[in-house]
Amino acid sequence: MNYINAGNIWIGLLLLLLLYVIKKSPIKVLAYLDEKKLKNFEQANLLLESEAIGDEYKQFIKEELERAIFKKYAGISTDRKTRKILCEFYETHKDTFLWDQIRWAYKYMVFDGNEVSIKISPFSNIGRWIVTVYSWMIAIVGLTVLAIGVFYMHSDYLQLIGYSILGAFLIFMGLLFSSMNFSYHNAVKIKKYLKNL
């Protein structure tokens with residue numbers, strides 16, 4: 001409240017937000033969401049065992065339950081046929097690829113019968129280069145800010161800390177932004193492997 005009274009309303013609001021987040025405990029929120037999902041699974045199982053539900057509804061509930069479980073553990077929400085193809089693909093190539101690589105490359109996968117292939121559009125190739133250039137630009141700006149901080153180190157230590165934090169944040173953002181290319185790079189790797197089979 002002292003910050004708000006002194007005219008620094010943004011600092012006061014930021015501190016109030018931080019206090020609210022700490023008080024609510026994000027871990028409790030995540031635990032509550034997990035508990036809610038678990039209850040939904042339990043209810044779905046009870047419905048499957050119930051005699052009052054028709055077979056067509058049981059089939060629907062079973063399909064949705066399988067989809068939710070696959071999404072939870074594999075990270076992909078898709079139909080039964082595609083789930084089966086993906087599991088077979090993983091079993092066949094698990095010595096070469098991790099499941100995470102398959103999950104990242106999933107948006108580039110094309111399914112023809114039981115065959116899996118990778119299709120990368122020209123737009124995806126252009127997007128990959130745009131992300132790479134922006135990532136490097138952000139990281140270079142971060143390094144420049146760090147260098148400026150070192151240059152001012154002898155005059156003001158507070159300024160050095162500020163520049164260091166900003167530079168490290170920008171470098172981190174550059175790395176985070178470059179992670180958008182994970183899907184593309186894994187798709188290219190799988191495509192090259194399949195081409196050489």
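Trainee: Which helix holds both Asp 100 and Arg 103, and how many residues apart are they?
Mentor: Happy to start there, keeping in mind that this is a predicted model. The two are about one turn of the helix apart. Both Asp 100 and Arg 103 belong to helix α6, and their spacing is three residues.

Trainee: How far apart are the closest N and O atoms of Asp 100 and Arg 103?
Mentor: Side chains of opposite charge can pair when their charged atoms come close. A salt bridge calls for a nitrogen to oxygen distance within 4 Å. Asp 100 and Arg 103 do form one, with their closest N and O atoms at 2.8 Å.

Trainee: Are Asp 100 and Arg 103 buried, partly exposed or exposed?
Mentor: Buried means under 20% relative accessible area and exposed means over 50%, with partly exposed in between. Asp 100 has 36%, and Arg 103 has 28%. Each value falls in the middle range, so Asp 100 is partly exposed and Arg 103 is also partly exposed.

Trainee: Which helices do Arg 80 and Glu 63 link?
Mentor: The side chains of Arg 80 and Glu 63 meet in a salt bridge at 3.2 Å, N to O. The two residues are 17 apart and link distant parts of the chain. Arg 80 sits in helix α5 and Glu 63 in helix α4.

Trainee: What kind of aromatic pair do Phe 70 and Trp 99 make?
Mentor: The structure holds seven aromatic pairs, so let's take this one slowly. The ring centres of Phe 70 and Trp 99 are 6.1 Å apart and their planes stand at 85°. Planes over 60 degrees apart count as edge-to-face. The Phe 70 and Trp 99 pair is therefore edge-to-face.

Trainee: Which residues form one aromatic cluster with Trp 99?
Mentor: Trp 99 in helix α6 pairs with Phe 70 in helix α4, 29 residues apart. The rings of Tyr 90 and Trp 99 have their centres 5.5 Å apart and their planes at 85°, so that pair is edge-to-face too. The residues clustered with Trp 99 are Phe 70 and Tyr 90.

Trainee: Which residues have the most contacts inside the largest nonpolar core?
Mentor: In soluble globular proteins, nonpolar side chains tend to be buried together. Here the largest nonpolar core has 18 residues. Helices α4, α5, α6 and α9 and strand β2 each supply at least two of its residues. Those with the most contacts inside the core are Leu 86, Trp 99, Ile 102, Met 109, Ile 118 and Ile 190.

Trainee: Leaving aside its neighbours within four places in sequence, which residues is Leu 86 in contact with?
Mentor: Contact here means heavy atoms within 4.5 Å. With those sequence neighbours set aside, Leu 86 touches Phe 70, Ile 76, Thr 78, Trp 99, Ile 102, Tyr 106, Met 109 and Phe 111.

Terms used: Residues numbered from 1 in each chain as written. Predicted model: local features only at pLDDT ≥ 70, side-chain atom pairs only at ≥ 80, totals over all residues. Heavy atoms only, no water. Core = buried A, V, L, I, M, F, W, Y, C linked by side-chain atoms within 4.5 Å. Buried < 20%, exposed > 50% of the residue type's maximum accessible area, 1.4 Å probe, protein only. Helix = DSSP H or I, 4+ residues; strand = E, 2+ residues; numbered from the N terminus. Phe/Tyr/Trp six-rings, centres within 6.5 Å; stacked < 30°, edge-to-face > 60°.
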